[in-house]
Amino acid sequence: MNEIREVIEGKAALLETGDAKAVLSHYADTYVEYTLAPPLRQPGDARDPAALAAWMATFQTPPHREVTQLEITTDGDVAFATSLDSLTATPRGATEGFTLWFRVTLGLRRIDGRWLVTHEHESVPFEMDGSFRASVTLRP
């Protein structure tokens, strides 16, 4: 499980370097991705860092991601992990930054001896009072 923890925490730490290709080195060539941004499903292609690089360029400096409450379950060459992550960044043109907490579920497979992310799902809870507002002020 240490290898899997290193993959998950490693890709989070690499985000702060701004190196999209390095972040994507922890993913299978093609993967399923459900991130916070629209559309409902993004095509995941670890061979093309352009989309991730474009997203990172929307911030003054690359964002900081923290992985907390990481739980990992494995069975052979398949694993899944859950965590509560935070993203801290300052959008270009903004005077103040933000920190957003969200839920993450990852599916991983051991491919050619390496653990790689094959499925990523991120979500933010929303208010169930009919307003459907994202609950972006929650903290673990």
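Reply: The largest pocket has a volume of about 720 Å³, the space filled by probe spheres set on its grid points, joined across faces, edges and corners; a pocket is an open set of points on a 1 Å grid over the protein atoms alone, where a 1.4 Å probe fits, with protein on both sides within 12 Å along at least five of seven lines. The model is predicted, so local features need pLDDT of at least 70 and side-chain atom pairs 80 or more, while totals for chains, interfaces and linings use all residues. Residues are numbered from 1 along each chain, and side-chain values use heavy atoms, without hydrogens or water.

The lining comprises 27 residues, with E33, T35, A51, L52 and W55 nearest the pocket centre. Elements giving two or more residues to that lining are α1 (2-15), α2 (20-24), β1 (27-34), β2 (42-45), α3 (50-56), β5 (98-111) and β6 (114-123). By class, 18 lining residues are nonpolar, 2 polar and 7 charged.

Turning to α1, residues I4, V7, I8, K11, A12 and L15 are buried (under 20% relative accessible area, 1.4 Å probe), and because they fall within an arc of 120° seen down the axis, they line one face of the helix. On the other side of α1, N2 and E6 are exposed (over 50%).

H26, found in the loop between α2 and β1, is buried as well, with a relative accessible area of 14%. Setting aside residues up to four places away in sequence, H26 touches V7, G10, K11, L14, R114, L116 and V117 (heavy atoms within 4.5 Å).

Note on methods. 1 Å grid on protein atoms, 1.4 Å probe; cavity = no way out; pocket = protein on both sides within 12 Å on 5 of 7 lines; lining within 4 Å. Helix = DSSP H or I, 4+ residues; strand = E, 2+ residues; numbered from the N terminus. Nonpolar A, V, L, I, M, F, W, Y, C, P; charged D, E, K, R; others polar. Arc of directions from axis to C-beta.
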